[in-house]
Amino acid sequence: MKTLVLIGLSLLSITFLTAQSAEQRGLQIAKAADKADQGFNSSIVHLKMTLKNKNGQTSERLLITKTLEQTADGDKSLIVFNSPKDVKGTSTLTFTHKIGSDDQWLFLPSIKRVKRISSNNKSGPFVGSEFAYEDLSSQEVEKYSYKFLKENGTLLLVEQDPVDPKSGYTRRIVTYNKSKGYRIEKVEFYDRKNSLLKTLTYSNYKLYKGKFWRAGTFTMVNHQSNKETVLKFSEYNFEANLTDEDFTQVALKRAGQ
Amino acid sequence: MNSKPIYYLLLLVCNMHNIAAQTESLKKTHHDFELELEGEYRYFYDDALFSSQKDHFPSLAIRPEYKAAWNKGYESINFKGFLRVDVDDERTHWDIRELYYQKAKNNWELNLGIKKVYWGVTESNHLVDIINQTDAVETFDGEKKLGQPMAQFTWNTEKFGTFDFFYLPYHRKRTFAGDKGRLRFATVIDKDDLGYESGAEEWRQDAAFRWNHYFGIFDIGLSHFYGTGREPLFLFDTTGNINAFYPIINQTGLDLQITHNAFLWKLESIYRHAKAQDFFAMAVGLEYTFSNIDRNGLDIGLLAEYLYDERDELALNALQNDIFFGSRIAFNDTQDTSILFGGITDLESSSTIFSLEASRRFGSSWTAAIEGRIFNDIDKDELILSNFREDSFFRISISKYF
């Protein structure tokens with residue numbers, strides 16, 4: 001009888017523990033992924049964005065992205081457009097915040113104007129692509145709530161619900177690879193009506209500085225519009241030793257001049 | 001066997017290789033050359049107010065650009081040239097928009113040469129922006145500027161914001177439309193007829209300073225300019241003669257933007273002091289954007305600004321007590337299609353100017369733009385604007401980028 005009670009109790013506690021840990025384990029995985037990527041300091045990367053419409057016609061954009069790692073708050077980033085040529089030099093400076101809206105400035109090279117812009121438009125497309133602004137902004141742990149879904153070999157599936165009501169998604173299902181430093185292999189995006197909107201697949205991973213996994217290709221497929229955007233990253237540079245001085249409005253104008 | 005010497009030798013070779021690689025990347029110069037060719041057609045559909053003014057203005061423009069950057073981009077030479085050929089002889093003009101050397105190090109930046117600098121936040125009027133002379137024959141909105149010779153030193157601090165110091169050794173005069181041109185006064189103003197208050201004329205040594213910073217949702221700029229003004233002063237004596245010249249001015253400017261959710265609240269204000277004239281002017285307004293309306297990227301922005309100028313009817317831009325309203329539509333499509341339309345209306349008279357600007361990319365290296373300015377019910381008593389009352393126009397332009 002005693003044993004039965006004990007078994008019953010331990011069964012209860014297991015259920016209790018697992019019920020509680022779906023959220024906790026999800027958060028743990030997100031934190032582990034964040035931690036695995038800590039210490040890269042800064043990076044510069046060249047990016048080719050290929051936009052494909054449903055008829056297969058393509059157009060291209062060339063960008064350079066500089067990122068500065070921050071520990072107390074979200075990362076800083078500077079994006080410069082090199083093509084199409086009519087928008088060459090158009091640049092953005094973003095200070096991501098773990099809590100609250102990001103600070104963002106836009107540089108317009110034709111009139112040399114720096115304009116502070118609203119970061120309200122998270123769900124809108126980035127330069128006509130299938131990437132929304134929120135897909136490309138720095139991924140901070142605090143921006144989602146988490147739920148662990150299942151383990152598939154070394155792959156861990158975690159549901160992430162955006163904290164910000166302005167997000168275009170109800171949830172994202174993120175596939176982490178535990179054995180490869182918790183790098184992300186795939187993200188599925190569900191729209192506000194909770195139907196599958198897009199799938200982002202990461203491929204051509206490379207390990208930099210023996211620690212940081214960076215995908216060479218991002219492929220975003222929109223299942224509702226049948227449009228596709230491919231990002232190809234090249235010339236990753238982790239040795240530039242960028243500082244806060246490379247992420248100011250002065251540096252923004254310099255980058256786009 | 002002692003392997004240490006080999007180890008050290010290897011280390012030395014590796015280091016030398018590293019140093020060589022580093023100096024290589026420091027010395028590496030990136031060259032970048034670009035060219036834009038533009039064909040433009042302006043059509044003024046009302047009969048001209050003054051004889052010899054034309055209706056049709058086909059025109060061509062060339063914009064070459066060259067950049068050489070080294071020292072990981074912290075040092076560069078930048079060039080932007082401009083040439084336009086037009087029916088109006090005064091609008092046929094060339095300019096060095098930019099030709100300067102730049103060096104940046106840690107928290108400072110130095111610029112030497114001919115450069116363009118923009119200050120301000122509002123859309124319908126640019127009061128605070130004073131470093132460059134307006135290229136008045138190029139566009140009606142005054143957003144195109146002439147290159148300004150300068151030495152600019154920028155000092156950036158994390159806590160106290162950015163400080164800009166300008167030394168401006170040379171003044172450039174504004175060009176006005178010629179005999180055949182539209183958007184001019186009854187008498188053609190030759191820019192050489194306008195004199196200077198300063199005995200040093202265009203060689204008066206001028207200076208400017210600006211501080212800007214941001215605190216959370218606030219972006220603020222404070223500036224001061226001391227030198228020969230960019231706007232000529234028109235004085236009318238009792239006999240009706242016009243005395244026009246470039247005065248020596250002291251101008252203090254303030255620009256402020258509050259970025260709160262989808263709202264941008266904006267304020268620009270100046271106080272200008274000259275021997276012959278003191279005045280205050282401001283532009284205050286807001287911009288609100290409904291973003292991604294159709295879940296397909298469509299953004300619709302609404303703009304409203306109030307403009308005040310103490311000079312009243314002597315205000316060169318005729319924006320003395322006016323309301324601007326407008327809308328910016330961005331499709332966020334692969335062709336970057338965008339439309340901006342609106343109107344400025346005088347609160348004391350019937351005068352209204354409607355405007356439309358739209359642009360779109362074709363392929364990867366062509367763009368097309370349409371512009372319309374409609375002068376509606378312009379009050380004949382408006383000292384400056386009444387001269388333009390028959391000058392409503394449409395403009396189309398096509399550009400090819402190489």
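Start with the contact: 25 residues from chain A and 35 residues from chain B take part. Two residues count as in contact if their C-beta atoms, placed from the backbone, lie within 7 Å. On the side of chain A that touches chain B, the elements giving two or more residues are β2 (58–68), β6 (113–117) and α3 (249–256) of chain A.

Some ground rules. This is a predicted model: local features need pLDDT of at least 70, side-chain atom pairs count only at pLDDT 80 or more, and totals for chains, interfaces and linings use all residues. Residues are numbered from 1 along each chain as its sequence is written, while chains are lettered from A and ligands numbered from 1 in the order in which they are written. Helices (H or I, at least four residues) and strands (E, at least two) are DSSP runs, numbered from the N terminus.

Now the hairpins. Strands pair if DSSP finds at least two bridges between them. In chain A, β8 (residues 155–162) and β9 (residues 169–177) run antiparallel, joined by 6 bridges. They form a hairpin with 6 residues between them. Look for A:Gln160 opposite A:Arg172 in β9(A).

β9(A) also pairs with β10 (residues 183–191) of chain A, antiparallel, through 8 bridges. That hairpin has 5 residues between its strands, and A:Gly181 in the turn has a positive phi of about 65 degrees. A:Asn177 stands opposite A:Arg183 in β10(A).

Next, the backbone. Most residues other than glycine have a negative phi, and most peptide bonds are trans. The bond from A:Ser83 to A:Pro84 is cis, with omega near 5 degrees. A:Pro84 sits in the loop between β3 (76–83) and β4 (91–95) of chain A.

Two asparagines to finish. A:Asn226 has a positive phi of about 60 degrees, in the loop between β12 (212–222) and β13 (228–237) of chain A. For B:Asn292, phi is near 50 degrees, and its loop runs between β15 (278–290) and β16 (299–309) of chain B.

Which of them is buried, and which exposed? A residue is buried if 20 or more other C-beta atoms lie within 10 Å of its own, exposed if 12 or fewer, and partly exposed in between, with C-beta atoms placed from the backbone. A:Asn226 has 12, so A:Asn226 is exposed. B:Asn292 has 21, so B:Asn292 is buried.
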